[in-house]
Amino acid sequence: MNTVRWWCAVVVAGLVLAPVARAQQPPKPGPEHDMLKKMEGTWDATMKMGGMESKGTMVYKMDLGGLWLTSAFEGEVLGTKFFGKGLDTYDAGKKKYIGIWADSMSTSPMVSEGTYDAEKKALTMTGEGPGPDGKPAKHTMVTVQKDDDTMVMDMFMGDSKESMFTITFKRKK
């Protein structure tokens, strides 16, 4: 008798929840994702920090149904091999861009959110992640699309108005 009740409960739950499941459509890429898609490709990166210059390569690709921009960086930072991976998207519910970054210099991700200014062609992301000392720190990244083949990203830590470092990206042809 308990088995019959259990199966009846499962059937009723299925009938009640089926319309809800059908009503929720998976998200589709929108115009904000088109902005991220413009970054797809392989880019030469030149990082300037503290009077020093480092080189690397960034590869961007739209993935996961066109909802997420994945990134993979490989290069050197201050003479040390450096690797990083990122995920960026637009969250329509928050009306914000969302970014997650992890790299070979930390075991904690950097999580940020922000907005895009179409007039300035600038994506400004703020959040918290590991600082130079490994402790959580506020950060702001401003990426400006100079043209179709050039981007410049400045990283600010804390409330500083001085960029901690600048990366210039040039699209490989």
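The largest pocket is lined by 45 residues. Nearest its centre lie Trp101, Met110, Met153, Met155 and Phe165. This is a predicted model.

**The pocket**

- The largest pocket has a volume of about 990 Å³.
- Its lining has 32 nonpolar residues. A further 10 are polar and 3 are charged.

- Strands of a sheet pair through backbone hydrogen bonds, either parallel or antiparallel.
- Strand 1 covers residues 41-49, and strand 10 covers residues 165-171. These two strands pair in the antiparallel sense over 6 bridges. Lysine 48 has threonine 166 in strand 10 as its bridge partner.
- Strand 9, residues 150-157, is also joined to strand 10. The two run antiparallel, with 6 bridges between them. Here threonine 150 has lysine 170 in strand 10 as its bridge partner.
- Strand 6 (residues 110-117) pairs with strand 7 (residues 122-130) over 7 bridges, again in the antiparallel sense. The bridge partner of glutamate 113 is threonine 126, in strand 7.
- In a regular strand the side chains alternate between the two faces of the sheet.

**Salt bridges**

- Side chains of opposite charge can pair when their charged atoms come close.
- Lysine 37 and glutamate 40 meet in a salt bridge through their side chains, at 2.9 Å from N to O. Are these residues buried, partly exposed or exposed? Lysine 37 has a relative accessible area of 42%, so it counts as partly exposed. Glutamate 40 is at 25% relative accessibility, so it is partly exposed too.
- Lysine 172 and aspartate 44 form another salt bridge, at 3.5 Å from N to O. This pair links distant parts of the chain, 128 residues apart. Lysine 172 sits in the segment after strand 10, while aspartate 44 sits in strand 1.
- Lysine 172 is partly exposed, with a relative accessible area of 41%. Aspartate 44 is partly exposed as well, at 35% relative accessibility.
- Lysine 94 forms a salt bridge with glutamate 113, and their closest N and O atoms are 3.4 Å apart. Which parts does this pair tie together? Lysine 94 lies in the loop between strand 4 (80-91) and strand 5 (96-103), and glutamate 113 lies in strand 6, so the pair ties together parts that are 19 residues apart in sequence.
- Lysine 94 has a relative accessible area of 49%, which makes it partly exposed. Glutamate 113 is partly exposed at 29%.

**Residue to revisit**

Conventions: Residues numbered from 1 in each chain as written. Predicted model: local features only at pLDDT ≥ 70, side-chain atom pairs only at ≥ 80, totals over all residues. Heavy atoms only, no water. Pairing = 2+ DSSP bridges. Helix = DSSP H or I, 4+ residues; strand = E, 2+ residues; numbered from the N terminus. 1 Å grid on protein atoms, 1.4 Å probe; cavity = no way out; pocket = protein on both sides within 12 Å on 5 of 7 lines; lining within 4 Å. Points joined across faces, edges and corners; volume = space filled by probe spheres on them. Nonpolar A, V, L, I, M, F, W, Y, C, P; charged D, E, K, R; others polar. Salt bridge = Lys/Arg side-chain N within 4 Å of Asp/Glu carboxyl O. Buried < 20%, exposed > 50% of the residue type's maximum accessible area, 1.4 Å probe, protein only.
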